[in-house]
Amino acid sequence: MPQTKFIFDLDGTLYRYKGGPTFATSEFYADIKRNIFAFLERELAVPSEQVPETYDHMKREYNGHVSLAVEKEFGVDRMRYFAATWRVPPEKYIEPNDDARTVLSALAGRCAVLTEAPRVWAEAALRFLNAYEFVEDVLFTGELDVRKPSVEAFRQVGGALGVPFESIYSVGDQEESDIVLARAVGMKTIRVGDGETSADFSVNNVRAVLNLSL
Ligand SMILES: [Mg+2]
């Protein structure tokens, strides 16, 4: 029988934000948004009074992917955009804890991380949690063309894990992007956090994944 493998979501799963249960309500999101507004004004020469409207337009037209709008409409490389907006200090937003290190070290070689966040943030967050070394070669982030949330992203990461999809568990806190999309390609699922879920398993904290008999 093929070995069981895992695809972990990053934020809300391997750590939680201080002060806000979700990305949208976190200080982290507020700071990133402030950086994006400054970037639009400074680097893309959007007049300051048009910045909020331009940002909303980009999000709407590009399905939430502002980096793609920056590239296509302004000809500015997405990596420059990410470096200018997402390079923020993890210690400001994440409470130090051993969860990510405990889980990823125990499952090293049997897991990958798939996140919508760009690598500049994902790497900083995982380094802060002393867990980067376990996933640096299997860290799939949000500046790639195939990215979360999409079934294609799960297909690609599943392919990289090299076992049949039914031997892979997607572990995450978001019902749609971590559970529903993963199941659509035939993976099994573990929902982290509380609340209704259609996942195969539900755990309060990501550490509990290690105690499941899978
Ligand atoms: Mg999440």
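Let's start with the order of elements. From the N terminus, this protein runs β-α-α-α-α-α-β-α-β-α-β-α-β-β. That makes eight helices and six strands. Keep in mind that this is a predicted model.

Now the overall dimensions. The C-alpha trace spans about 60 × 35 × 35 Å along its principal axes. The radius of gyration is 17 Å, which agrees with the value near 17 Å for a compact globule of 214 residues. Of those 214 residues, 48% count as buried.

Contacts next. Residues 24 or more positions apart account for 62% of them.

The protein exposes about 10200 Å². Carbon and sulfur atoms supply 47% of that area. As for charges, there are 24 positive and 33 negative ones. Their mean positions are 2 Å apart.

Now the metal site. Which residues are the protein donors of the magnesium ion? They are Asp-9 through OD, Asp-11 through O, and Asp-173 through OD. These donors lie 2.2 Å from the ion. Along the chain, their spacing reads D-x1-D-x161-D. So where do Asp-9 and Asp-173 sit? Asp-9 is in the loop between β1 (5–8) and α1 (27–42). Asp-173 is in the loop between β4 (168–172) and α8 (175–184). The two are 164 residues apart, so the pair links distant parts of the chain.

Last point: are these two buried or exposed? Asp-9 has 7% relative accessibility, so Asp-9 counts as buried. Asp-173 has a relative accessible area of 15% and is buried as well. The cut-off for buried is under 20%.

Definitions and conventions. Residues numbered from 1 in each chain as written. Predicted model: local features only at pLDDT ≥ 70, side-chain atom pairs only at ≥ 80, totals over all residues. Heavy atoms only, no water. Donors = N, O, S within 2.8 Å, 3.2 Å for Na, K, Ca; no water. Helix = DSSP H or I, 4+ residues; strand = E, 2+ residues; numbered from the N terminus. Buried < 20%, exposed > 50% of the residue type's maximum accessible area, 1.4 Å probe, protein only. Rg over C-alpha atoms; globule rule 2.2 N^0.38 Å. Contact = heavy atoms within 4.5 Å. Areas by Shrake-Rupley, 256 points an atom, 1.4 Å probe, with all protein chains shown as cover. Lys, Arg positive; Asp, Glu negative; His and termini not counted. Charge placed at Lys NZ, Arg CZ, Asp CG, Glu CD.
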